[in-house]
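This report concerns the pockets of a protein structure and a few points of its backbone geometry. The sequence and the model are shown first.

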Amino acid sequence: MSDDGAAVVAAVEAVAERLERERDHLTELDSAIGDADHGGNMARGWAEAADAARDLDDPEPETVVKAVGKTLMSEVGGASGPLFGGSLVFASAEITDGITAETAVAFAETYLEKVEDRGDARLGDQTMVDALTPAVHTFKKSIESDDIGTLEALAKAVAAAERGVAFTVPIRARKGRASYLGWRSVGHQDPGATSTLFILEEVLATAADELDADVPAVDAASPTIPDDETEADAADEE
Ligand code: ADP
Ligand code: MG
């Protein structure tokens with residue numbers, strides 16, 4: 001078993017536990033604008049996915065992600081199963097050679113593209129895309145332009161996703177069941193964006209754990225600017 005393979009299994013287990021703890025919370029969000037099944041869908045789907053991940057003989061990042069995706073596709077009904085599951089299966093091809101900063105960015109971008117493609121949803125439609133887009137953009141920019149470490153880039157991505165979740169509240173749903181409500185969807189937090197944030201938070205916590213590091217503190221109000229640069233700018237202005 002590769003270390004990275006074992007780390008991905010640990011992340012999936014952490015996600016499964018978190019989504020079980022958030023079951024009622026996600027159900028509550030989905031009952032306001034949907035059919036009250038998102039908590040159950042996610043908790044059950046990820047519990048089965050964790051079983052599938054643990055059952056793999058020689059887990060590698062790609063095979064774990066693929067097994068999780070396939071399980072979500074077959075076990076989770078509704079819109080979210082094929083969106084989360086199918087996109088994970090598709091994006092797993094980006095980590096065939098393992099996880100590096102570069103392959104992690106490619107994975108994130110491919111995953112986002114696939115979710116947009118399958119759901120025909122774009123930023124601002126009050127869906128999971130609203131949490132994912134800022135997370136993926138911030139992660140890519142942090143790594144490719146700001147040249148900061150993967151763990152800190154991931155922390156910035158999580159902070160960006162949090163702001164994306166908040167953004168779903170004051171806008172109208174244009175995809176999924178919530179869109180049937182029309183303007184009445186305004187004022188509600190999207191369940192799929194929220195579960196996406198929980199998944200990212202657990203991936204971050206597991207990554208920090210595996211690296212024996214603390215979760216880096218980042219400035220959520222300015223998630224793409226490296227902290228030392230912010231300090232340098234502040235010093236310039238003095
Ligand atoms: P269902 O809507 O079929 O009951 P879930 O309740 O499990 O499925 O998931 C609902 C979530 O799925 C929504 O909160 C939203 O984030 C996401 N979603 C629904 N439709 C789409 C879509 N077309 N594109 C992207 N995300 C979508
Ligand atoms: Mg639902």
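## Terms and conventions

Helices (H or I, at least four residues) and strands (E, at least two) are taken as DSSP runs and numbered from the N terminus. The model is a predicted one, in which local features need pLDDT of at least 70 and side-chain atom pairs count only at pLDDT 80 or more, while totals for chains, interfaces and linings use all residues. Residues are numbered from 1 along each chain as its sequence is written, chains are lettered from A and ligands numbered from 1 in the order in which they are written, and side-chain values use heavy atoms, with hydrogens and water left out.

## Backbone: two positive phi values

Most residues other than glycine have a negative phi. Ala36, which is not a glycine, has a positive phi of about 60°. Ala36 is placed in the loop between α2 and α3, and its relative accessibility of 34% makes it partly exposed (buried means under 20% relative accessible area, exposed over 50%, and partly exposed in between, with a 1.4 Å probe and protein chains only).

Asp120 also has a positive phi, near 50°. Asp120 belongs to the loop between α6 and α7 and is partly exposed, at a relative accessible area of 47%.

## The largest pocket

A pocket is an open set of points on a 1 Å grid over the protein atoms alone, where a 1.4 Å probe fits, with protein on both sides within 12 Å along at least five of seven lines; lining residues have an atom within 4 Å of a point. Grid points are joined across faces, edges and corners, and a volume is the space filled by probe spheres set on the points. The largest pocket holds about 1100 Å³ of space. Its lining has 35 residues, and Ile99, Ala104, Phe107, Leu154 and Val203 lie nearest the centre.

At least two lining residues come from each of α1 (3–21), α4 (61–75), α5 (80–91), α6 (101–119), α7 (129–144), α8 (150–168) and α9 (191–210). The most is given by α9, with 7 residues. By class, the lining has 29 nonpolar, 4 polar and 2 charged residues (Ala, Val, Leu, Ile, Met, Phe, Trp, Tyr, Cys and Pro count as nonpolar, Asp, Glu, Lys and Arg as charged, and the others, Gly among them, as polar).

## The second largest pocket

The volume of the second largest pocket is about 530 Å³. It is lined by 26 residues, with Ala79, Ser80, Leu83, Gly176 and Arg177 closest to its centre.

For this second largest pocket, α2 (23–33), α3 (38–54), α5, α6 and α9 each supply at least two lining residues. The largest share, 3 residues, comes from α6. The lining of the second largest pocket comprises 9 nonpolar, 10 polar and 7 charged residues.
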